[in-house]
Amino acid sequence: MVPDAPAFLHHARLTVLSGPSGVGKGTVVAEVRRRYPGVWLSVSVTTRRPRPGETDGVQYHFVDDAEFDRLVATDGLLEWAEYAGNRYGTPVAPVRERLATGAPALLEIELQGARQVRARDPEAQLVFLAPPSWADLVSRLAGRGSEPPEVQERRLAIAQAELDASGEFDVVVVNDDVARAADELVGLLTAPSPDLCRGGAHE
Ligand SMILES: Nc1ncnc2c1ncn2[C@@H]1O[C@H](COP(=O)(O)OP(=O)(O)OP(=O)(O)O)[C@@H](O)[C@H]1O
Ligand SMILES: Nc1nc2c(ncn2[C@@H]2O[C@H](COP(=O)(O)O)[C@@H](O)[C@H]2O)c(=O)[nH]1
């Protein structure tokens, strides 16, 4: 039987997983959730069109520009960014509700959003997923085949800047192997926050 979540997964900490497009964030998170279905992942809103196989409300909430504008104007997003011609954002209410229960929350977002989360919540744990090499990243993005070559080029140009910023993150996990990277991410999700080790933020 697959356990719902590790018994020690009880610290209300926000973890952000970031990294260049095609590095394998979605794949590694899917492996973590296959093992532990109780690991909670925020569902972002995006103005990007769904890919074949994507379902509204599962991978993303797919919205139009007017709805995205409305969410920004009403402070409905914890963070948001424009990325390769589309907008993406994290609905704030579900994250707040999740953390209020004392359980951890995971976001899978790009660099600008990770920076915004850090500014709003300095306790958040920022994890950068890196490819073993540039050539691996290029071949993974191409091999996924979900974007035409010109969009892949645009994403790879952004990826270069994202890799340069990996030093801003608390931890860098190399996705050389999905199962191994998932092990590492589970360890990070279940690690007590440094603040809790000191005795709590609100004393
Ligand atoms: N460790 C790995 N070794 C080889 N291939 C991998 C590995 N991890 C992921 N992949 C493959 O790389 C491709 C991209 O993975 P994935 O879609 O998870 O990336 P992503 O970082 O979530 O991308 P995006 O940010 O664009 O959503 C997929 O085809 C996936 O199967
Ligand atoms: N800042 C945010 N970035 C997000 C969010 N949801 C996803 N993303 C990132 O966007 C890119 C592209 O995603 P794709 O699904 O079009 O390949 C990737 O890096 C995602 O991690 C979000 O809510 N905020």
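Reader: Over residues 12-190, how far apart are the end C-alpha atoms?
Author: Over residues 12-190 the chain is 44% helix and 21% strand, where helices (H or I, at least four residues) and strands (E, at least two) are DSSP runs numbered from the N terminus. This is a predicted model, in which local features need pLDDT of at least 70, side-chain atom pairs count only at pLDDT 80 or more, and totals for chains, interfaces and linings use all residues. Residues are numbered from 1 along each chain as its sequence is written, with chains lettered from A and ligands numbered from 1 in the order in which they are written. For residues 12-190, the distance between the end C-alpha atoms is 10 Å.

Reader: Which feature does UniProt place at residues 12-190?
Author: UniProt positions are given in the numbering used here, feature names are shortened, and annotations may be inferred rather than shown by experiment. The record is an unreviewed entry, and the feature it places at residues 12-190 is "domain: Guanylate kinase-like".

Reader: Is strand S1 mostly covered or mostly open?
Author: Leu14, Val16 and Ser18 point one way from S1, and Thr15 and Leu17 point the other way. A residue is buried if 20 or more other C-beta atoms, placed from the backbone, lie within 10 Å of its own, exposed if 12 or fewer, and partly exposed in between. Five of the five residues of S1 are buried, and the strand is mostly covered.

Reader: Which residue of S7 stands opposite Val16?
Author: Strands pair if DSSP finds at least two bridges between them. S1 runs parallel to S6, with four bridges, and Leu14 has Ala105 as its bridge partner there. S1 also runs parallel to S7, again with four bridges. In S7, the residue opposite Val16 is Leu126.

Reader: Which residues touch the most other members of the largest nonpolar core?
Author: A nonpolar core is a set of buried Ala, Val, Leu, Ile, Met, Phe, Trp, Tyr and Cys residues joined through C-beta atoms within 7 Å. The largest one has 32 residues, and those touching the most other members are Val16, Val127, Leu129 and Leu185. Elements giving two or more residues to this core include S1 (14-18), S6 (105-108), S7 (125-130) and H7 (178-190). Contact requires C-beta atoms, placed from the backbone, within 7 Å; beyond four places in sequence, Val127 touches, among others, two of the residues named, Val16 and Leu185.

Reader: Which element gives the most residues to the shell around ligand 2?
Author: The shell has 16 residues, Ser44, Tyr88, Ile109, Glu110 and Gly113 being the closest; a residue is near if its C-beta atom, placed from the backbone, lies within 6 Å. S4 (77-83), S5 (86-91) and H4 (111-120) each give two or more. With four residues, the one that gives the most is S4.

Reader: How many charged residues are in the shell around ligand 1?
Author: The 14 residues around ligand 1 have Ser21, Gly24, Gly26, Thr27 and Arg140 as the closest, and H1 and H5 each give two or more. Asp, Glu, Lys and Arg count as charged, Ala, Val, Leu, Ile, Met, Phe, Trp, Tyr, Cys and Pro as nonpolar, and the others, Gly among them, as polar. This shell has two nonpolar residues, eight polar, and a charged count of four.

Reader: Why does Thr47 count as partly exposed?
Author: Thr47 lies in the loop between S2 (44-46) and S3 (60-62). Its contacts beyond four places in sequence include Asp64 and Phe68. Thr47 counts as partly exposed because its C-beta neighbours inside 10 Å number 19.
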